[in-house]
Every structure is written in structure tokens, then in C-alpha cells.
Amino acid sequence: MIVCHCRAITDRDIHAAIDWMRASDPQTLITPGKIFHALGKTTDCGGCLSLFLDTMRLNDNLEVPLELGALKELPRRKEHATCKATPRSSTTSTGPSAAN
């Protein structure tokens with residue numbers, strides 16, 4: 001089935017690219033951009049993105065490597081309180097003319 005009409009990419013092309021990338025580097029994160037690059041193509045209109053992603057998700061080799069899966073469990077940074085810096089006065093001037 002054709003997934004991207006602009007670049008003539010089929011579901012088989014997508015699965016072949018995912019399988020090739022996973023075989024060549026088991027630790028890689030596979031993204032649509034990397035698939036386009038692996039196929040020697042560039043993106044165009046983006047109209048195929050939802051079907052492209054759905055096709056990617058059907059591939060068993062798409063899963064995130066175990067070592068990287070723990071990244072989403074890292075504690076989030078605490079939100080910083082509002083800035084406590086002293087506001088600068090807009091009437092403060094500097095330089096020799098300020099003393100006169």
C-alpha cells in the first residue's frame with residue numbers, strides 16, 4: 001500500500017527501513033525523519049504523517065530499546081518559583097552625565 005504519494009513510499013518500504021535500522025544499530029531511536037533519510041527521500045507536504053506513524057507502529061522492531069525506556073521514568077524537574085531578582089529601575093542612568 002502506498003503511504004506517501006508525494007515520495008512514493010509504501011508500507012513495505014517503511015518496514016524494510018525499520019528492520020534495516022534496527023539490525024544495524026539495536027540502540028537507535030527510529031523516527032519518521034530517519035526512515036525518510038534511510039530511503040533516500042525527503043519529506044514534502046506532511047499529509048501522510050498519521051498513516052506513516054500508524055504503519056511504523058505495526059512493526060515489531062520499532063520498540064524503544066530497554067536501556068532507553070527508563071528515560072521516561074526520570075523525575076521531572078521541579079517548577080521554578082517566580083524570579084526573586086530585584087527589578088531594575090528604568091530611571092537609573094549610568095555614565096558621567098548622571099553625576100551632573
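Which handedness does the crossing of H1 and H3 have? The crossing is right-handed, a label used when the near helix is turned clockwise from the far one by less than a right angle, with anticlockwise giving left-handed.

Before going on, a word about the model. It is a predicted one, where local features need pLDDT of at least 70 and side-chain atom pairs count only at pLDDT 80 or more, while totals for chains, interfaces and linings use all residues. Residues are numbered from 1 along each chain as its sequence is written, and side-chain values use heavy atoms, leaving out hydrogens and water.

The protein chain has four helices and two strands, and from the N terminus they come in the order β-β-α-α-α-α. Both kinds of element are DSSP runs numbered from the N terminus: helices are H or I with at least four residues, strands are E with at least two. Of the chain's 100 residues, 19% count as buried (buried is under 20% relative accessible area, exposed is over 50%, partly exposed lies in between, using a 1.4 Å probe and protein chains only).

Back to the two helices. The axes of H1 (residues 11–24) and H3 come within 10 Å and cross at roughly 50°, which makes H1 oblique to H3. Axes here are lines fitted to C-alpha atoms, for helices over the stretch in contact, with angles from 0 to 180 degrees between N-to-C directions. Under 35 degrees counts as roughly parallel, over 145 as roughly antiparallel, 65 to 115 as roughly perpendicular, and the rest as oblique.

Who meets whom? On the H1 side there are Asp 11, Ile 14, His 15 and Ile 18, and on the H3 side Phe 52, Thr 55 and Met 56. Contact means heavy atoms within 4.5 Å.

Now for Asn 59, in the loop between helix H3 (49–57) and helix H4 (66–69). Is Asn 59 buried or exposed? Asn 59 is buried, because its relative accessible area is 9%. Leaving aside residues up to four places away in sequence, Asn 59 touches His 15, Ile 18 and Asp 19.

Arg 57 sits in helix H3 and is exposed, with a relative accessible area of 57%. Its C-alpha atom is 9.7 Å from that of His 15, 42 residues apart along the chain.

Here are two side-chain polar contacts (N or O atoms within 3.5 Å; within protein, one must be able to donate a hydrogen and the other to accept it, and residues adjacent in sequence count only if both atoms are side-chain atoms).

| Residue | Partner | Polar contact |
|---|---|---|
| Asn 59 | His 15 | 3.1 Å |
| Arg 57 | Asp 54 | 3.2 Å |
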